[in-house]
Amino acid sequence: MKKLTDAANWYLRACDWRDIAVLKICLCALGVLLGLAVPGRKKRPAAWAAALVFAAAYVPLVAKFLPYLLEKPAGGEDI
């Protein structure tokens with residue numbers, strides 16, 4: 001497992017924001033496909049689980065991004 005996470009970190013260091021955007025679109029499409037595969041009677045619990053996972057992942061990501069959004073870049077110029 002350590003080799004897998006090391007390889008993932010190495011790959012992500014080589015990526016730019018476009019690569020990450022494509023990865024996110026791919027994962028979103030996978031989520032839609034999985035959602036379509038859930039039987040009708042189990043869609044509501046699956047939706048609640050997905051909402052909880054989304055919230056648990058989104059809040060820390062935004063908290064980590066906010067300092068970058070609020071600070072000026074190193075050169076002092078506006079974005």
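Modeller: On a 1 Å grid over the protein atoms alone, a pocket is an open set of points where a 1.4 Å probe fits, with protein on both sides within 12 Å along at least five of seven lines, and lining residues have an atom within 4 Å of a point. Points are joined across faces, edges and corners, and the volume is the space filled by probe spheres set on them. This is a predicted model, so local features need pLDDT of at least 70 and side-chain atom pairs pLDDT 80 or more, while totals for chains, interfaces and linings use all residues. Numbering runs from 1 along each chain as its sequence is written, and side-chain values use heavy atoms, without hydrogens or water.

The largest pocket comes to about 680 Å³. It has 13 lining residues, and Ile20, Lys24, Ala57, Tyr58 and Leu61 are the closest to its centre. Helix 2 (17–37) and helix 3 (43–70) are the elements giving two or more residues to that lining, and helix 3 gives the most, nine. (Helices are DSSP runs of H or I, at least four residues, numbered from the N terminus.) By type, the lining has 11 nonpolar residues, two charged and no polar.

As for the cysteines, a disulfide needs two cysteine sulfurs within 2.5 Å, and the count is zero. For Cys15, the nearest cysteine sulfur, in Cys26, is 13 Å away. Cys28 has its closest one in Cys26 as well, at 9.8 Å, so that is too far for a bond. Cys15 is buried at 16% relative accessibility (under 20% is buried, over 50% exposed, with a 1.4 Å probe and protein chains only), whereas Cys28 is exposed at 51%.

Technical notes:
Nonpolar A, V, L, I, M, F, W, Y, C, P; charged D, E, K, R; others polar.
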